[in-house]
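Here are some notes to read alongside the model.

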Amino acid sequence: MNGFAGFVLRRAVGALITLFVLSVIIYVVFYVTPGNVAQITCGPRCSPAQVHQVAGQLHLDDPLYVRYWHFLQGLLAGQDFSTGTSVEHCPAPCLGQSYQTDQQVTDIILTKLPVSFSLVSGAMVIWLLLGVGTGVLSAWRRGRFSERVLTAVTLAGTATPVFVIGLVLMIVVCGELQLLPFPQYVHFTDDPEQWAWNLLLPWFSLALVEAANFARLTRASMLETLAEDHIRTFRAYGVSERAVITRHALRGATASVIALNAVTFGSAVGGAVLTETLFGLPGIGQELVHAVKVVDLPVVVGMVLVTGFFVILANAVADVLYAVADRRVVLA
């Protein structure tokens, strides 16, 4: 237990260091971009004096390291913002204040995050079930006609953009067959049943593309495991093919599936832009696109940092799951 606890502690410290380095890189990259942020924020009709005043309010005249230090202080201890007539406190973790709306970036993210999280969580269940199941079946039926069909389907799924799948599903399911209404996001707390029904098409649109990747990875990992000597030994001792596939070969593919799922889930939280835009879901991805268009740097930096946080967190959780599945990882 002490070894496992030390392993978890090392992974947690490593995740924090990675997040810190990521925050530095993101902050520097976005705030060294060319263009007059004060002019863009103030508007095209502002006078030079007004632009200079806006630059002072946004602390754009301070050195970059000073601005990053204030940003880091906001993350750890909160920050105060002047609204002109009063001072507003932004509690930690404070990601800054929007240039366009003066709204706290943390509040914007907390408003959008449940939508993206609902989309990705439901899609994850589907892509794991379809992807791993298809990969197992394809490896089991290797060399047969059914395996060729499954391989062709997974290749088609990998090559098809998510917006094409989404449009086809909407036209067929909502338009021609009228099995479901056109998706309109409903909060889970308002009506759980309608929340699920309205997310079915977005879930499948996002999951079908990712399921193809999981199917290919699972098939390749299982075929590699099935070619090993201990599998031939199990078969020689009369172990049933079903037991060989489910108990031994599938276990060999687990590590690869966990790793891919960690990266996919983390990046999809902030990267499902096409799915959110296509179905009108007010999530992180759609808000990030809007913030980039209006050059709202605090919102862009905050949302990219949150997306990176989920990727790092998902990979840290994947490392812990490795250790649970195989205690030899703890000694590595």
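1. Let's start with valine 172, which sits in helix α7. Its relative accessibility is 36%, so valine 172 counts as partly exposed. Please keep in mind throughout that this is a predicted model.

2. A nonpolar surface patch of about 780 Å² is built from Phe163, Val164, Leu167, Val168, Ile171, Val172, Leu177, Leu179 and Leu274. Which helix gives the most to this patch? Helix α7, spanning residues 162-176, does, with 6 residues.

3. Now look at how α7 meets helix α8, which covers residues 192-226. The two axes come within 9 Å and cross at roughly 140°. Since angles over 145 degrees would count as roughly antiparallel, that angle makes α7 oblique to α8. The crossing in which α7 passes α8 is right-handed.

4. The loop between α7 and α8 holds glutamine 178. Is glutamine 178 buried or exposed? With a relative accessibility of 63%, glutamine 178 counts as exposed, because the cut-off for that class is over 50%. The backbone deserves a glance here too: phi of glutamine 178 is near 55°, a positive value in a residue other than glycine. As background, most residues other than glycine have a negative phi.

5. Aspartate 102 lies in the loop between β2 and α5. If you are checking backbone geometry, stay in that loop for the next point.

6. Proline 93 also belongs to the loop between β2 (87-90) and α5. What kind of peptide bond joins alanine 92 and proline 93? The bond is cis, with omega at about 0°. For context, most peptide bonds are trans.

7. On to the charged pairs: how many salt bridges are counted in the model? The count comes to 3. One of them pairs aspartate 319 with arginine 11, and the closest N and O atoms are 3.5 Å apart. This pair ties together distant parts of the chain, with aspartate 319 in helix α13 (residues 297-325) and arginine 11 in helix α1 (residues 2-31), a separation of 308 residues. Aspartate 319 counts as partly exposed at 24% relative accessibility, and arginine 11 counts as partly exposed at 30%.

8. Lysine 112 and glutamate 287 also meet through their side chains in a salt bridge, at 3.9 Å from N to O. Here too distant parts of the chain are linked: lysine 112 is in helix α5 (residues 105-140), glutamate 287 is in helix α12 (residues 284-293), and 175 residues separate them. Are these two residues buried or exposed? Lysine 112 has a relative accessibility of 18% and so counts as buried. Glutamate 287 has 17% and counts as buried as well. The cut-off behind both calls is under 20%.

9. Arginine 232 and aspartate 229 form another salt bridge, with the closest N and O atoms 2.1 Å apart. How many residues separate arginine 232 and aspartate 229 in helix α9? They are 3 residues apart in this helix (residues 229-236), which means that about one helical turn separates them. Arginine 232 is partly exposed, with a relative accessible area of 46%, whereas aspartate 229 is exposed, at 53%.

10. The C-alpha atom of threonine 154 is separated by 9.1 Å from that of glycine 135, and the two residues are 19 residues apart along the chain.

11. Finally, the overall picture. The protein chain has 13 helices and 2 strands. Along its principal axes, the C-alpha trace spans about 85 × 60 × 40 Å. What share of the 332 residues is buried? Buried residues make up 41% of the chain.

Conventions:
Residues numbered from 1 in each chain as written. Predicted model: local features only at pLDDT ≥ 70, side-chain atom pairs only at ≥ 80, totals over all residues. Heavy atoms only, no water. Patch = residues over 30% accessible without salt bridge, like charges linked within 9 Å, V, L, I, M, F, W, Y side chains within 5 Å. Areas by Shrake-Rupley, 256 points an atom, 1.4 Å probe, with all protein chains shown as cover. Salt bridge = Lys/Arg side-chain N within 4 Å of Asp/Glu carboxyl O. Helix = DSSP H or I, 4+ residues; strand = E, 2+ residues; numbered from the N terminus. Buried < 20%, exposed > 50% of the residue type's maximum accessible area, 1.4 Å probe, protein only. Axes fitted to C-alpha atoms, helices over the stretch in contact; angles between N-to-C directions. Parallel < 35°, antiparallel > 145°, perpendicular 65-115°, else oblique. Left-handed = near helix turned anticlockwise from the far one by under 90°.
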